[in-house]
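Please read these notes with the model open beside you. They begin with a pocket and then turn to the strands.

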Amino acid sequence: EYWVANSLQQFGWKASVSSGSGDQGIDVVATKNSKTVGIQCKLYSASVGNKAVQEAQAGMLHYATDYAVVISNAKYTKSAHELSKTTGVLLLSHKDIPQLDSILKI
């Protein structure tokens, strides 16, 4: 979480890490150009499933962010991709951090 927040800050985002185990599905809240994004971070060796999408969507509602994103070093399951399409939660790689504002079109 801290690595993601620090990386976002290097690209002009104001980012902070949520409060540990009580994060309500969002590990990092970041702001740029008056838009906020709630980020669920997953450092996995296996594929990330749809639970991460559910957590990010719930966190987006809880924190009232404009966007919800899952960022991982791993691939995503078919189920995660399917749920992502219907919820609007974006599934990204840690390598996408430099382009996050253009991906979100902000």
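This is a predicted model: local features need pLDDT of at least 70, side-chain atom pairs count only at pLDDT 80 or more; totals for chains, interfaces and linings use all residues.

1. By class, the residues that line the largest pocket are five nonpolar, three polar and two charged.

2. Which residues line the largest pocket? They are Glu1, Trp3, Val4, Cys41, Lys42, Leu43, Ile71, Ser72, Asn73 and His94. Three elements each give at least two residues to this lining: helix H1 (2-10), strand E3 (35-42) and strand E4 (67-72). To find these places in the view, look for Trp3 and Val4, Cys41 and Lys42, and Ile71 and Ser72, which are among the lining residues.

3. The strands come next. Five of them make up an open sheet with mixed pairing, and their order is E1-E2-E3-E4-E5. The edges are strand E1 (14-17) and strand E5 (90-93); each has a single partner strand, so one side of each has no neighbour in the sheet. From one strand to the next, the twist averages 25 degrees.

4. Within the sheet, strand E2 (28-32) and E3 are paired in the antiparallel sense, with five bridges. Alanine 30 is the residue opposite valine 37 of E3. E2 and E3 form a hairpin with two residues between the strands, and in this hairpin asparagine 33 has a positive phi near 55 degrees.

5. On to the pairing of E3 with E4. These two strands run parallel and are joined by six bridges.

6. Is E3 largely enclosed or left open by the rest of the structure? Seven of its eight residues are buried, so E3 is largely enclosed. Buried here means under 20% relative accessible area.

7. E4 also pairs with E5: the two run parallel, and four bridges join them. Valine 69 has leucine 90 in E5 as its bridge partner.

8. Finally, the helix. H1 lies across E1, E2, E3 and E4, and it runs at about 170 degrees to E1. H1 is also one of the elements that supply at least two residues to the lining of the largest pocket, as are E3 and E4.

Technical notes
Residues are numbered from 1 along each chain as its sequence is written. Side-chain values use heavy atoms; hydrogens and water are left out. On a 1 Å grid over the protein atoms alone, a cavity is a set of points where a 1.4 Å probe fits but cannot get out, and a pocket is an open set with protein on both sides within 12 Å along at least five of seven lines; lining residues have an atom within 4 Å of a point. Ala, Val, Leu, Ile, Met, Phe, Trp, Tyr, Cys and Pro count as nonpolar, Asp, Glu, Lys and Arg as charged, and the others, Gly among them, as polar. Two strands pair if DSSP finds at least two bridges between them. Axes are lines fitted to C-alpha atoms, for helices over the stretch in contact, and angles run from 0 to 180 degrees between N-to-C directions. Contact means heavy atoms within 4.5 Å. Buried means under 20% relative accessible area, exposed over 50%, partly exposed in between (1.4 Å probe, protein chains only).
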